[in-house]
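Work through the exercises below with the sequence and the coordinates at hand. Each task is followed by a stepwise solution.

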Amino acid sequence: MKRKWWMGKVAYQIWPKSFADANGDGIGDLEGIIGKLDYLKGLGIDIIWISPVYRSPLVDQGYDISDYYDINPVFGDLTVMDRLIAEAKKRDMYIIMDLVVNHCSDEHEWFQKAMQDPDGEYGKYFYIAEKKDGRLPCNWRSYFGGSVWEPIPGTDKYYLHSFHKKQPDLNWENPKLRKEIYRMMNWWLDRGIAGFRIDAIINIKKKLPFRDYEPDREDGLSYIGNMLEEAEGIGEFLEEMKHETFEKYDAFTVGEVFNDKPEEVVEFIGEDGHFSSKFDFAPEMCGKHGTWYEHEVVTPEMYKNAIFDSQLMVGETGFLSNIIENHDEPRGVSRFIPEGDLSETSKKALACAYFFLRGIPFIYQGQEIGMENCDFPDIASYDDISTLDEYQVCIDAGYSKEDALALAHRFSRDNARTPVQWSDEAYAGFSSHKPWIMVNPDYRKINVKSQMEDPDSVYHFYRQMIALYKNPKYHEVFAFGSFLPYLREEGNLIAYQRSFEGQTIFVLVNFSKEAKSVTLPSDQTEVLLSNSKTVDKNGDNVKLCGYQAVVLAVCE
């Protein structure tokens, strides 16, 4: 593939509300991010993805945008945003913003005008329909529960929302709407951002005309994803968007794409694909079936097969963006490490397993210190609307409040939204004021300050991984090399090789407490990194102790 500026970079996601609070109101802000840029630079970060900071009523934490051209006052203003972009550039870092264009807020000017005249120009910016024979246009269930159709007061009409009822879907079939979106995107690119993370983008193409699908719950509704499986033609929208925006700026774009098919890899992230990259959600989907109480516990083999299958499917066609967690998932170390095995050693092992895969490594805030799920005391302590819906589904299914709360502890998105633990001071050093959501009580033992002072910490292991990834001697193989599983059938072993122009590197991760012996195809290898102080290597044999991770280069 033709090389681009973003290839070989390391990215970091910031959830602004919980990252760093500079003005002491208990809510993270843009000034807080500016104050931590040197920290991120010291970690080795190149690209910073900032979750939504646009003006918003924050019904869905900013993914409900009321004004795309302004900053929510709780985070700052456009002047501060411009300064953040400029300060990042001074440090050779790039800012990418969240692009939320499947839907907007019901407080957006477009929707307000649509409600005043549903049959007028702005009504066509949304999906508005009437009942037929007393029935709603279709029986799709929204992602947050309930019908996708919401009545428009004072009329016999309804509008469609794939997510919350205060997040009406934008009608991408309308070329006027698309032009408005492209104008907004170019406005931000002109302002100096380097690109976008693109939210829920598959949802912009609906299967029309509306029709019912087989109900999958007692409510008579059908999961909206069933419709998306049949929707065709999204490529036309995405290509138009690329040509009208990204392509003009050499922007970096990473898509939130869940249900693309193997044959569409080239179309989405090939050399001339819709996006620069897309997230690999295969590990995030591990064990998920329907609602919370149907989910399985993720085993090491499930995790390994998920990441390996994704790597093999994409091959060298394009670049995945690799994650173990984000703002929509529980903490990766609490999800992928078997219960009872959680430790600094196992956290480093998980980090090593994903970080050196082919693609762009993304780190979510707090991941670099091994932040864990938070044990919220009751359901009232949660803020996330999706969590509240899932909790009620569990209660309706007959689960006790205690059992439903235990499921929230395992699966809630709020696990990843608690404040970053900067120190063992009050409120974890995040703010001088009580935060908008509770601080994880374990902040006294898991925090940035203590880990920066401990050379054997999870934080320093992340720094070592990033430094190795960027080491000129090995950067080409990590950034552009091929991926090949090694000893895939060996249980609880995540092992693979990266190869590029005659150079080969092996990543070996023992994902269990029991020792494991691995024979390599060469007896001439050099240890580049390990999460243990010693590596028991004898010729072509490497003995891994429990949760040991080792990166080795084959000597030329």
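This is a predicted model: local features need pLDDT of at least 70, side-chain atom pairs count only at pLDDT 80 or more; totals for chains, interfaces and linings use all residues.

**Exercise 1. Cysteines**

Solution. 
1. Cys104 has 0% relative accessibility and counts as buried, whereas Cys555, at 38%, is partly exposed.

**Exercise 2. Helix H12**

Compare the span of H12 with the expected value, then determine which of its residues are buried and which helix they pack against.

Solution. 
1. H12 covers residues 385-396, 12 residues in total.
2. From first to last C-alpha the helix reaches 17 Å, close to the 16 Å expected at 1.5 Å a residue.
3. Its buried residues are Ile385, Ser386, Thr387, Glu390, Tyr391, Val393 and Cys394.
4. These buried residues pack against helix H13, residues 401-411.
5. Now inspect the two ends. At the start, the backbone nitrogen of Ser386 has a side-chain oxygen of Asp384 within 3.3 Å. Just after the helix, Gly398 adopts a positive phi of about 105°.

**Exercise 3. His108**

Locate His108, decide whether it is buried or exposed, and list its contacts beyond four places in sequence.

Solution. 
1. His108 sits in the loop that runs between strand S5 (94-99) and helix H4 (109-116).
2. Its relative accessible area is 7%. The limit for buried is under 20%, so His108 is buried.
3. With neighbours within four places in sequence left aside, His108 contacts Ile65, Ser66, Asp67 and Tyr68.

**Exercise 4. Nonpolar cores**

Identify which residues touch the most other members of the largest nonpolar core, and which helix gives the most to this core.

Solution. 
1. The largest nonpolar core has 156 residues, and Phe196 and Phe356 touch the most other members.
2. Helix H15 (residues 458-470) gives the most to this core, namely eight residues.
3. Beyond four places in sequence, the residues touched by Phe196 include Tyr54, Ile96, Trp188, Phe246 and Val254.
4. A second, separate core has 13 residues, among them Tyr127, Ala129, Tyr158 and Met227.

Note on methods: Residues are numbered from 1 along each chain as its sequence is written. Side-chain values use heavy atoms; hydrogens and water are left out. Buried means under 20% relative accessible area, exposed over 50%, partly exposed in between (1.4 Å probe, protein chains only). Helices (H or I, at least four residues) and strands (E, at least two) are DSSP runs, numbered from the N terminus. The expected span of a helix is 1.5 Å times one less than its number of residues. Contact means heavy atoms within 4.5 Å. A polar contact is a pair of N or O atoms within 3.5 Å; within protein, one must be able to donate a hydrogen and the other to accept it, and residues adjacent in sequence count only if both atoms are side-chain atoms. A nonpolar core is a set of buried Ala, Val, Leu, Ile, Met, Phe, Trp, Tyr and Cys residues joined through side-chain atoms within 4.5 Å.
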